[in-house]
Amino acid sequence: MTGSHSAIAYNDTAWCVPRKLKKVLNRVAKRYGSVQVHSTKRWWLENWWKGGAKDSYHLNCRAVDFSVRGSPSSVVAFLKAQPEVGGYKHYSSGHYHIDTGPRRTW
């Protein structure tokens, strides 16, 4: 099992993060410092309330929203280079999204 780097703090359930995304978060923490995980598992009503897609990867424990310091363009380029990451996005709120779906951004 892949543990979490000590610089990763969870505001949501850590058990819901797939092993391959934990590896990515560990690499992000090693490169950029403290990572704050904001969203992992969402129940359908929470997902609807937050404006998530009907088939969001959060519903199946296949997505993570987090924040980290660093230039957004650098962090996005780093995430894009990770083979475990399918979908990735930087939101204007400062949060990043990664998931295990097909390679895409929106």
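**Rings, a charge and a pocket**

Guide: In this predicted model, F66 and Y96 are both buried.

Visitor: Why is the pair of F66 and Y96 called stacked?

Guide: The ring centres of F66 and Y96 lie 5.6 Å apart with the planes at 25°. Pairing requires centres within 6.5 Å, and stacking requires planes under 30 degrees apart, so the pair is stacked. F66 belongs to strand β3 (residues 63-68) and Y96 to strand β5 (residues 96-99), so the pair ties together parts 30 residues apart in sequence.

Visitor: How many aromatic pairs does the structure hold?

Guide: The structure holds 2 aromatic pairs. One of them joins Y32 and F78.

Visitor: What makes the pair of Y32 and F78 edge-to-face?

Guide: The centres of Y32 and F78 are 5.8 Å apart, and the angle between the planes is 80°. Since the cut-off for edge-to-face is over 60 degrees, the pair is edge-to-face. Y32 in helix α1 (residues 19-32) and F78 in helix α3 (residues 72-80) are 46 residues apart.

Visitor: Why is Y32 called buried?

Guide: The relative accessible area of Y32 is 17%; buried means under 20%, so Y32 is buried. F78, with 12%, is also buried.

Visitor: Where does the charged end of K41 sit?

Guide: The charged end of K41 sits over the ring of W43, 4.4 Å from the ring centre.

Visitor: What lines the largest pocket?

Guide: The largest pocket, with a volume of about 300 Å³, is lined by 15 residues. By class, the lining has 4 nonpolar, 5 polar and 6 charged residues. A53, S56, Y91, H97 and W106 lie nearest the centre of the pocket.

Technical notes:
Residues are numbered from 1 along each chain as its sequence is written. This is a predicted model: local features need pLDDT of at least 70, side-chain atom pairs count only at pLDDT 80 or more; totals for chains, interfaces and linings use all residues. Side-chain values use heavy atoms; hydrogens and water are left out. Rings of Phe, Tyr and Trp (its six-membered ring) pair if their centres lie within 6.5 Å; planes under 30 degrees apart count as stacked, over 60 as edge-to-face and the rest as tilted. Helices (H or I, at least four residues) and strands (E, at least two) are DSSP runs, numbered from the N terminus. Buried means under 20% relative accessible area, exposed over 50%, partly exposed in between (1.4 Å probe, protein chains only). A charge sits over a ring if NZ of Lys or CZ of Arg is within 6 Å of the ring centre and within 35 degrees of the ring normal. On a 1 Å grid over the protein atoms alone, a cavity is a set of points where a 1.4 Å probe fits but cannot get out, and a pocket is an open set with protein on both sides within 12 Å along at least five of seven lines; lining residues have an atom within 4 Å of a point. Grid points are joined across faces, edges and corners, and a volume is the space filled by probe spheres set on the points. Ala, Val, Leu, Ile, Met, Phe, Trp, Tyr, Cys and Pro count as nonpolar, Asp, Glu, Lys and Arg as charged, and the others, Gly among them, as polar.
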